[in-house]
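The following questions and answers examine the fold of a predicted model. Please consult the sequence and structure shown here.

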Amino acid sequence: QKRIAAWHSVRVLRDSSGRVQGIISSITDLTEQKEALKASEDRERLYRLVSENATAGVWTYDLATGCVTYMSPSIAQITGYSGDEVTSMTLEQILTPESHTFGMAELEQHLAQDGAYGGQPHTWTVELEENRKDGSTVWVEVRTSVMRDAAGRPTAIFGITRDITERKQAEKTLRDSEKRYRTFFENSMDATCILGRNGRILDLNPAALSLLGYSRDETAGLNLMRNVPREQRRRFQAQIEKDGFVRNFEMQ
């Protein structure tokens, strides 16, 4: 078996005439230490390989200094800043004012709760708005977890940042569309009802309430089709299930 050893304080041994007879040294076995170091270096290389080729931004934040200590190159695709540029910036520069206030409050809250996890993994996700190099902003989803020292004390934050700008824009478009729909729905002079397949009222506008003579509270859970003669109800449902629509259908 081959071992790795360190020779300490090696001294030459001489006889009375000064001729070299040998050496004397103490030896320490470093095999396990070297193997652990190599495993650590392998993990570090793997971590770097993964983080530097990830599409999301991978970063670490030191709790003692309040600085970002590492940022993967992929952050440039999200913010326009290089990883080195981000590590020289403060969080106030990285985040918009509202997101910085919110993000720091979330961090303080989760650090205060960290002791309850007993050293187990503790992660949380927030949505923040970051400043881009060109002066615009970008919405990101940030998934973070606590990093601890050998004693289990929180020392840093590990995070993954993902661009969600398109999703946020889609959500805004949906909200705007819903607002336009609701405005039209509530102000239409046509009585408009939305019914479930069983005929229960899901929604109806003021014109429909006026036509039917119900208050909005009275329509909660009401099955409107039960107010229709059975034969008309049967023909209506058969036609709409067959064609997907009904036009100019007269019913009482």
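Q: In what order do the strands of the open sheet stand?
A: The open sheet is formed by 5 strands, and their pairing is antiparallel. Neighbouring strands are turned by 30 degrees against each other on average, direction ignored. The order is 4-3-7-6-5.

Q: Which strands stand at the edges of this sheet?
A: A strand with a single partner has one side left without a neighbour in the sheet, so such a strand stands at an edge. This applies to strand 4 (67–71) and strand 5 (123–131).

Q: Which residue stands opposite Glu141?
A: Strand 6 (residues 137–148) and strand 7 (residues 154–163) run antiparallel and are joined by 9 bridges. The residue opposite Glu141 lies in strand 7 and is Arg162.

Q: At about what angle does helix 6 run to strand 6?
A: Helix 5 (residues 97–113) packs on the sheet, touching strand 3 (57–62), strand 5, strand 6 and strand 7. Helix 6 (residues 165–187) lies across strand 5, strand 6 and strand 7. Its angle to strand 6 is about 125 degrees.

Terms used
Residues numbered from 1 in each chain as written. Predicted model: local features only at pLDDT ≥ 70, side-chain atom pairs only at ≥ 80, totals over all residues. Heavy atoms only, no water. Pairing = 2+ DSSP bridges. Helix = DSSP H or I, 4+ residues; strand = E, 2+ residues; numbered from the N terminus. Axes fitted to C-alpha atoms, helices over the stretch in contact; angles between N-to-C directions. Contact = heavy atoms within 4.5 Å.
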